[in-house]
Amino acid sequence: MKPKPLHLRRLFRSLSLRRCRLSSSFSSQTHITQPTNPQKPFFRSPENNDPLTNRPGESVEYFCQQKRLKDAVQSLEKQVHRPSASLYAAVLQLCIEKRALDEGKRVHSHIKGSGFAPGVFISNKILDLYCKCESISDARKLFDEMGERDVCSWNTLISGYAKMGRVSEARKLFDEMPKRDNFSWTAMISGYVKHKSPADALELYRLMQRNSNFACNKFTISSVLAASAAIQSLRLGKEIHAHITRMGLDSDAVVWSALLDVYGKCGSLNEAKYIFDRTVGNDIVSWTTMIDRYFGDGKWEEGLSLFSDFLSSGIKPNEFTFAGVLNACAHQTAEELGRQVHGLMMRIGFDPSSFAASALVHMYTKCGSVERANRVFNWLPKPDLVSYTSLINGYAQNGQPHEALKLFDSLVKSGNKLDHVTFVGVLSACTHAGLVDKGLEYFYSITEKHGLSHTSDHYACVVDLLSRSGRFKEAEDIIKKMPMKPDKFLWASLLGGCRIHGNYELAERAAKSLFEIEPENAATYVTLANIYATAGKWGEVANVRKLMDERRVVKKPGMSWINIKKKVHVFLVGDQSNPKSKEIFDFLGEVSKRMKEEGYVPHTDYVLHDVEEEQKEQNLFYHSEKLAVAFGVISTPEGSSIKVFKNLRTCVDCHSAIKFISSIVERKIIIRDSSRFHCFESGKCSCGDYW
C-alpha cells in the first residue's frame, strides 16, 4: 500500500547522498587520450606513402582499415582484377559491420564477374551480410546456389529467418540440417521465444535434452528460462534451475539474471530475492529487474527499499531503472518521490530522447502536475509518441481539453506515427469538454485519414462521448455496427451516460451485459440501483440489492488519502481515527455554516441512493474526500494547494461542496477520483461540472 515514513526518509537520504558520491567518483575518472605514437599502416612504400598510388589490393585494405567502405568498394571495382579471398573477406566484413546492403551486393557482383571461385568461408560472409541486412530472399538464393555448405551456412540462414519472425521457415531448415551444433539449437529456441512462441521453444528444448550429443550452454538456458517466464511456469523454471546447478552454470551472471526474471514473473518473489542475494556482483540489469518485480507485484515498500539499497551500491542507474521507478511513482501517485528521482536524473545525466524522459512526463501527468509535465515535455529535444500521448491524456484528465487537442495537432505535424492509444486521449478530451461533433470527427478520422483500425477502446470512448450528451440512438447504432463484441468498458460507459440522463430502460440492457461479463463488480449494481431510485422505482432498487446479497457482491468502501510532510493519511467515510479528528470535524462544521450562507444546498437526493461513492447515508457531510480536504486545510500553510486522491468517483454533493470550500479558504484543491482530476479554484471546477 502506502510507503512508511522510514522508507521515504531512507530513500530521500540516499538520493541526496548520491549527489556527493557522483561528484567525487566522476572527478576521479581518467580521460581518454589519443596515443602519442599512432599505429603505422601495415604496409609501406619506400618511394611513396600515398596508399592511392600503391598496388590496388593494398589501397583496398587501407580503406578497410580506415572504415572507408565506399572508397574501398570503389577501389575494388576500378583497380583489382584478381583479388584474394582475404581481400574480399575484409571488404565484406566492413559491409556487415555497417549493415551496408548496397555495397555488399556490389562486392558480391564483383566476385561473380572476376572469375573468383568463392569457398564456403566467403559465401558464408555474404550470407551473413544478407541476413543481418534482412535481405532474406537474397540470402536464400545464395544458400541454394552454394555448392558446399557447412554448419555455419545452415545456422546463419536459420538465425536470419528466426530474427525476422519467419520461424516456420527457420524450423523447416532446422529439420533438414544434416548436422547440428549448439548454436543451431539455441538460434531456433531463441527465435521461438523472441516471436512469442514459448511453448514451441520448450518443446524443442526437451528434444535437445533427449539428444545426448549436446550440452546446453548459458545462451540456450537463458532462452529456455525466458520461455518459462513467458508462460509463467514456476514448476518448469525450478526444473531448469536444478539442471543449471547440475551443469555448473549457476555462477554465470546471464543465467542468474534469466533465472531471477522467471521467478519474478511467476510471482515467486521470495525465490527471486534469494537468487538476487546469492548473486555476487549484481549488475544494473539484475538490480533493475528485481526492483521492477517488486513494483509489478504491488510490493511498493519493498521496491523502494531495494531502490534505496541500489543507490548505495555505487552502480549508476540507467534509463530502464529510472523508467521503472517513475512508473511505480505514477501508479502510487507519489509525486514527491518522483520529483526526487527527477532531480537525480538531472544530476547524473540521462538521454532526453530515451523512454525514461517519456516516463517522467507520464509520472507528472498521473500525479496531476500537468504544468510540470508540460515543462519536461518542452525541454525534450524531440518528444516521442509516448511523451505526446501522456501529455494529451494529462490535459484531458485535468480539465484542459482544448490544450489536449492543440497538442494533438502538433503531434500530427511532428511526423511521429500515430497509434490507437493516442486517439483514446483525444476522444477522452472531447468527452470531458462535451465536444461531441468534434469527437465524432476524430473517431472517423482514425480509419479514413490515418489508416488505423478502430479498437474496442475507441468504441468505448465514442459511446461515452455520445451517451454523456444524451445521444443514445447514435450510441446504439455504433454499437450495432461494431466489428467486435462490446467489452465491459463500453457497457460501463453507456451505463454512466444512462445515470446522467435517467435512461433506466437502456441502463437495464447495459447492466445485463455487464452482469454477464463481470458479475462480481459492485459498481454495476450500485449504478443501476441509483438510476432506478432517481426514477422512483423503489421495488426495482430492492430487487437489485437482493441480487447483490444472493451473489454475495460487496460494495467497495469509499476511501481518500492525502500526503502531508511525506506521510500518507487515509480517510474513510465518517472516519475519526486521525489524531486531528476533532479539528477536522470542527472545521467542517464551521465551513458548513459559511457554505449555506453563500447558497450551498446539500444534494440529499443523491446521498440517499448514490451508495457507490460512500457507505453511510447519514454521514452526508463526512464523506472521505471532505475529511481529507479538511485535514489538508488545517495541516498546510495558508494559500498552499491541496491534493487529495480517491478510489471511487466523487459524488455530486462532494463536488458541489468542495467548490464552495475552495472559494471560502482561497485554496486550489485538486481531487483525483477514479476517472479524472478535478481542480477546484475560486468556486469553480476544471471539469465544468461535466464529468
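This is a predicted model: local features need pLDDT of at least 70, side-chain atom pairs count only at pLDDT 80 or more; totals for chains, interfaces and linings use all residues.
Local features need pLDDT of at least 70 and side-chain atom pairs count only at pLDDT 80 or more, while totals for chains, interfaces and linings use all residues. Residues are numbered from 1 along each chain as its sequence is written, and side-chain values use heavy atoms, with hydrogens and water left out.

A search of the whole structure finds 0 disulfides, a disulfide being a pair of cysteine sulfur atoms within 2.5 Å. Cys 679 is in no disulfide, and its nearest cysteine sulfur, in Cys 685, is 7.4 Å away. The sulfur of Cys 685 lies 3.4 Å from that of Cys 687, its closest cysteine sulfur, which is too far for a bond.

Strands (E, at least two residues) are DSSP runs, as are helices (H or I, at least four), numbered from the N terminus. Two strands pair if DSSP finds at least two bridges between them.

| Strand pair | Sense | Bridges | Residues between strands |
|---|---|---|---|
| β4 and β5 | antiparallel | 4 bridges | 4 residues |
| β5 and β6 | antiparallel | 2 bridges | 2 residues |

Phe 680 of β5 is the bridge partner of Ile 669 and stands opposite Cys 685 in β6. In the β5 and β6 hairpin, Ser 682 takes a positive phi near 55°. Strand β5 (residues 677-681) has 4 of its 5 residues buried; buried means under 20% relative accessible area, exposed over 50%, partly exposed in between (1.4 Å probe, protein chains only). Cys 685 is buried too, at 11%.

Ala 139, in helix α7 (residues 136-145), is buried at 0% relative accessibility. Not counting residues up to four places away in sequence, Ala 139 touches Leu 127, Tyr 130, Cys 131 and Leu 157, contact meaning heavy atoms within 4.5 Å.
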